[in-house]
Amino acid sequence: MNGRNDFAVRIGTVNGTGSASANGLLMQAIFRMGVPVSGKNIFPSNIQGLPTWYEIRVSGAGWTARPSAIDLVVALNPATHAQDVALVRPGGVLLYDSTWPLDAALHRDDITILGIPFGQLCVQAFERDRDRTLLRNICYAGALAALLDLELGVIETLLTETYGKKPHLLAANHTAMQMGYDAAQRLGVCPLPFHVARMDRTGDAILIDGNTACALGALYAGATVGAWYPITPATSLMEAFKSFCERYRIDPVTKRHRYAILQAEDELAAAGIVIGAGWAGARAFTNTSGPGISLMQEFIGLAYYTDIPAVFFDVQRCGPATGMPTRTQQADLLSLAYASHGDTKHIVLFPADPRECFELAVQAFDLAERFQTPVFVASDLDIGMNDWMVPRFTWDDSYRPDRGKVLDAEALERIQKFSRYRDADGDGIAARTLPGLGGKGAYFVRGSGHDQHAGYTEDAAAYQEVVDRLARKIAGAATAAPAPVLTAHGPAPAEIGLITIGGCDEAVREAAAMLDAQGHAVDVLRVRAFPFHADVQRFIDSHDTVCVVEQNRDAQLRALLAVELGVPRDRMHAILDYGGLPLTAQVVVDAVLALGAGVAA
Amino acid sequence: MTSIAKPPVRHPSARLNGLGLALRDYEGAMSTLCAGCGHDSVTAALVQACWELDLPPHRAAKMSGIGCSSKTTAYFLKQSHGFNSVHGRMPSVTSGAAAANRGLICIGISGDGDSLSIGLGQLSHAIRRNVDMLYVLENNGVYGLTKGQFSASADLGSRSKRGEANEQAPIDPVLLALALGATFVARSFSGDKQQLVPILKAGLAHKGLALIDVISPCVSFNDHEGSTKSYAFTRAHEVEAVHADFIPLRHAITVGEGSEPVQVVQLHDGSSVRLRPTADDYDPTDRDSAYAHVRGCQARGEIATGLLFVDETGKDMHDFLHTVETPLIDLPYEQLCPGAAAMDDLMSRYR
Ligand SMILES: Cc1ncc(C[n+]2csc(CCOP(=O)(O)OP(=O)(O)O)c2C)c(N)n1
Ligand code: SF4
Ligand SMILES: [Mg+2]
């Protein structure tokens, strides 16, 4: 990563000072120059005053995983100078705000150190404290435009789009940007050896985060009830749903809402609301993160045991306890797969990026209603809150929601007796009726022991009949849920098979390409749903070396594979990364190479 | 077993209501509660109230948590859907069902353990949200189903069956509801069907959450000497603070019958209640007055009963949510999905 359209920048600032808009501006400018780009926000659990970083990766080849090395570090927060200097790859560049000195002890001979007094420039140019703080961000963006050879026209257009309606703001932003640009030019190094050159590789793409995409999925799937309790990193999902609803779900005549969003008193209540609404026949969902999932456990078991559809978006963060709320992880896998006490098993979907968030969100509602059960969409902070470059979403107007087996008054007429939990079709899915129907369609939901007629029971056989049906039903979901995605090295199985999940996908496929370049043939299989599709078993069987790459300490995906497929645990090598940052390809490459002997070159 | 089907016999002379249904049509499975349990009387009063109201059984949704009290949703309205959920969480499940289908008539049944301990938060927030529902809290001062531990409504000094006195202050659902802004607050006694039935009917007709705290003695664990939730104690200390008559829509309202002061409150569906407070300075349409009166009774060792407070002008959950009149579950998918053209348009925002 050290050339044209192949490098990474890391910007260190202080949170709450408005750097997000400048970072977004840079991302957007590169994207509009047709060059694939991705951004990772590494932020603190705090509102103002703590260090925050933003990493931008530019990759003409289209790799969007978190960069393995940083070519240019922009150090704007003296509190993190030491950390920032250390991060520059040998031969790379450090740009710091020379309003404040850089400790001589931090100097490195193997990097280029550049200083621009951004703070001072802004103090001279602007009157108000607030402007000086905010515009320092646009000032460094201007400097980066010069250093990285971004097209000024593109940046001007972006500024106009943002501030066009407020001329004084537009003028100030323009001044700040130009000031930074000129200051960088004066350094005499522009453009740097690594920089951006216009391409045509983003024409069909968008920049979007996974929470927005999940919300869009819920909107298009026809969800009408959303219940939630605020929690990072899930909050923006419901906020996005609300803003979509305000745009698309207002009755044009009465101005009344065709949706209900309830901010509940806690996650227990959010789960209860969603289950009540699902029982009543609405498509309902909640968005939460690990702590919320912990609180919802009892309710999840109720919905499972009583065949009630509900969709849960779990935007995972670092646990346990409060953990690191602004860091990413995939450590809820076990607690989702078997959520609640007693024998349970749940359908869990694992999107790898925002586009899949959209697609799997829609599927989650279909699966929930078809299988009459809770369905989880396991996203994570990296997918949920960072902007990803993905192919634009499309919609097929012929789509109709799969409401599953719901008997209406007419259908009820045709049957002798309605037994809520009778497996008439042998697929474990019993037909339901919705409240409001009455008559012989009325039945009683109970979380206590019930028989196939929904009657109370303490009879061993009648109880087992119901729980065995549930097991059959969920097993059947393995083929209906999205199949795993294979990225094959060639027509025959490669020596090494990497199994991965969710947002690790980009880094793992990049690692496979890097390993391939070093002469190691690697196949990648990305699991997209639990319970596992039969292809997962086949992939393991057909690879001599199997590694499972995931972001948690305890190799949870590997544990699930071992338990569910009966594969001996030690047959699968665990490659684990759980410090809270998105995975990089280098971590995977190093781990695979470390397997050492036995891995054919 | 908690549900034993009753033989479907109908007496030829059974009286029919406006929907052509007999009282039996509003009953449910045979109760399996202890003989004499107060909860069974509440069930009977509910059957009576629903029958008299001509309540269409198919529109009702019977909601409950866990406890002996919560079991009773199986014992009435057999032609209605019911949901016996988890302990203390009936209010959230009901909120969801009511949000999805505003056409449902939600009847929530709970206990003092279910609502005042594990579910205190959910009760409080259902009141804040003002979910349109009847909320019957069958209050016996103990956890019946787990065999007689004190609940949070146990009065100071009330003795358990084994003789221990409760030393912690009780939570009074009536005072709580008044403080939280509930728009319909009542207290009654399972042994006083005359009083309970009209209150249930008014609660069903009320727009918003109607909380009815019903003292409902537990004969197995809290009906002894020394208990303040026994039949004997309740009979001796109950003071009707407000007498309520329910006047259905089809009856003309004749105000000012007799000599006592009467207040008539028009309910959401056009029916009304006629309130006769027993004290001159008590206005059951004034929250502060109701609160003061209930506190005053409490200080005198009296249990204030009746329809203690009603405000029919409050906003309910659907008002807060600005939802369309059509139940959300009945909206056609075409009104919910923006479609492909909108998607194309939307995508340009992310370029
Ligand atoms: C999570 C949970 N904890 C505990 C219980 C055990 N439990 C069942 S009913 C009950 C108390 C019920 O008391 P109350 O609501 O007053 O009903 P009552 O039986 O007195 O009518 C308890 C503690 C449970 N079912 N679930
Ligand atoms: S234990 Fe008490 S509350 Fe439960 S059924 Fe018996 S009398 Fe009623
Ligand atoms: Mg009780």
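The model is predicted.

**The interface**

Chain A puts 59 residues in contact with 51 residues of chain B. On the chain A side, several elements supply at least two residues each: β7, α7, β8, β9, α9, α10 and β15. The top contributor is α9(A), with 10 residues. By class, the chain A side that touches chain B holds 33 nonpolar, 14 polar and 12 charged residues.

The chains also share strand pairing. β15(A) pairs with β2 of chain B, residues 81–84. The sense is parallel, over 3 bridges. Within this pairing, V445(A) stands opposite F83(B) in β2(B).

| Element of chain A | Residues |
|---|---|
| β7 | 205–208 |
| α7 | 210–221 |
| β8 | 225–228 |
| β9 | 260–263 |
| α10 | 290–305 |
| β15 | 444–446 |

**A270(A) in helix α9**

Helix α9 of chain A runs over residues 267–280 and includes A270(A). Is A270(A) buried or exposed? A270(A) is buried, because 29 other C-beta atoms lie within 10 Å, and the cut-off for burial is 20 or more. Leaving aside residues up to four places away in sequence, A270(A) touches A227(A), W228(A), Y229(A), A264(A), T286(A) and T288(A). G226(A) is 44 residues away along the chain, yet its C-alpha atom is separated from that of A270(A) by 8.4 Å.

**The fold of chain B**

Chain B has 11 helices and 12 strands. The C-alpha trace of chain B spans about 75 × 55 × 50 Å along its principal axes. Of the 351 residues, 55% count as buried. Among contacts in chain B between residues at least 6 apart in sequence, 71% join residues at least 24 apart.

**Around ligand 2**

Which residues of chain B are around ligand 2? Among them are the cysteines C34(B), C37(B), C68(B) and C218(B). H39(B), N140(B) and S220(B) are also in the shell. The shell has 8 nonpolar and 4 polar residues, and no charged ones.

Note on methods. Residues are numbered from 1 along each chain as its sequence is written. Chains are lettered from A and ligands numbered from 1 in the order in which they are written. This is a predicted model: local features need pLDDT of at least 70, side-chain atom pairs count only at pLDDT 80 or more; totals for chains, interfaces and linings use all residues. Helices (H or I, at least four residues) and strands (E, at least two) are DSSP runs, numbered from the N terminus. A residue is buried if 20 or more other C-beta atoms lie within 10 Å of its own, exposed if 12 or fewer, and partly exposed in between; C-beta atoms are placed from the backbone. Two residues are in contact if their C-beta atoms, placed from the backbone, lie within 7 Å. A residue is near a molecule or strand if its C-beta atom, placed from the backbone, lies within 6 Å of it. Ala, Val, Leu, Ile, Met, Phe, Trp, Tyr, Cys and Pro count as nonpolar, Asp, Glu, Lys and Arg as charged, and the others, Gly among them, as polar. Two strands pair if DSSP finds at least two bridges between them.
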